[in-house]
Amino acid sequence: MSAIRTIPRAAVNSYLRVIRLPLSAAERLARQQDNDSWPPALAFESIEAKLEGAAGMLLRDEELLLAAQQREEKVANLKEARTLKAAADVERGNARDEERKRKAQITQERRRTERAASERKQEAKTQAAAKQREAGEEAAKKQSAIRRQEAAQEKVLERRERATKSEALRAESAALDLTDEALKAQEKVDLIDKTIEGNKEARKTG
């Protein structure tokens, strides 16, 4: 009985190998010979499991049914592994996206901080320049006030000097006038004296 079932089982296996030939060629071209998770290979494994299961039920071959069950479990495990891998890839992708976003946020924050620091530094420079300008203007105002005060003092001194010179000139002029008058008075006195002397001489000779 076992030998009778071996022949159909071998025929089923041979049939599966034959229909798998195009897939094997495709695996070689795609370099996926050892990749059981390759989607075409996984799909064919599922077909093989169904064909083995159908043949096992038809032939009532426990080994074909067991092979079909094992192949279905293998396909289920591979699909689960693919699902887990896809989920892991998604997680890794999300993690990379989050990392890129975090780095971008850090970069933006650093740029904002640097820009704010640069703005504060520029503002400090502007304020310092404004204070320096104000201090310069204040110093210029003070210097101008000092110059105006000195000019006013110089004018006062000049006026006083001119007044003093004028007083001196007037005093000198007055002194000259007095001297002239004194000379004239002396001349009159001398003339009177001469006149008196002349009258005396005239009376003596008369």
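These notebook entries record what I looked up about charged side chains in a predicted model.

**Entry 1. Ground rules.** I number residues from 1 along each chain as its sequence is written, and my side-chain values use heavy atoms, with hydrogens and water left out. Because the model is predicted, local features need pLDDT of at least 70 and side-chain atom pairs count only at pLDDT 80 or more, while totals for chains, interfaces and linings use all residues.

**Entry 2. Salt bridges.** I asked how many salt bridges the structure holds. The total is 10, a salt bridge being a side-chain nitrogen of Lys or Arg within 4 Å of a carboxyl oxygen of Asp or Glu.

**Entry 3. Arg71 and Glu45.** I found these two side chains joined in a salt bridge, at 3.0 Å from N to O. The pair connects distant parts of the chain, with Arg71 in helix α3 (residues 62-205) and Glu45 in helix α2 (residues 39-59), 26 residues apart. Helices here are DSSP runs of H or I with at least four residues, numbered from the N terminus. Is Glu45 buried or exposed? Glu45 has 7% relative accessibility and therefore counts as buried; the classes are buried under 20% relative accessible area, exposed over 50%, and partly exposed in between (1.4 Å probe, protein chains only).

**Entry 4. Arg100 and Asp97.** I recorded a salt bridge whose closest N and O atoms are 2.1 Å apart. Arg100 and Asp97 are 3 residues apart in helix α3, so about one helical turn separates them. Arg100 is partly exposed at 49% relative accessible area, and Asp97 is partly exposed at 31%.

**Entry 5. Arg112 and Glu109.** In this salt bridge I noted 2.5 Å between the closest N and O atoms. Both residues belong to helix α3 and lie 3 residues apart, about one turn of the helix. Arg112, at 40% relative accessibility, is partly exposed, as is Glu109 at 42%.

Entry 6. I then looked up salt bridges with shared partners, which join Glu45, Glu48, Glu52, Arg71 and Lys74 into one network.

**Entry 7. Negative surface patch.** Which residues gather in a patch of negative charge on the surface? I listed Glu187, Asp190, Asp193, Glu197 and Glu201. Patches are made of residues with over 30% relative accessible area and no salt bridge, like charges being joined within 9 Å. I checked Glu201, which is found in helix α3 and is partly exposed, with a relative accessible area of 44%.

How values were computed:
Helix = DSSP H or I, 4+ residues; strand = E, 2+ residues; numbered from the N terminus. Patch = residues over 30% accessible without salt bridge, like charges linked within 9 Å, V, L, I, M, F, W, Y side chains within 5 Å. Areas by Shrake-Rupley, 256 points an atom, 1.4 Å probe, with all protein chains shown as cover. Lys, Arg positive; Asp, Glu negative; His and termini not counted. Charge placed at Lys NZ, Arg CZ, Asp CG, Glu CD.
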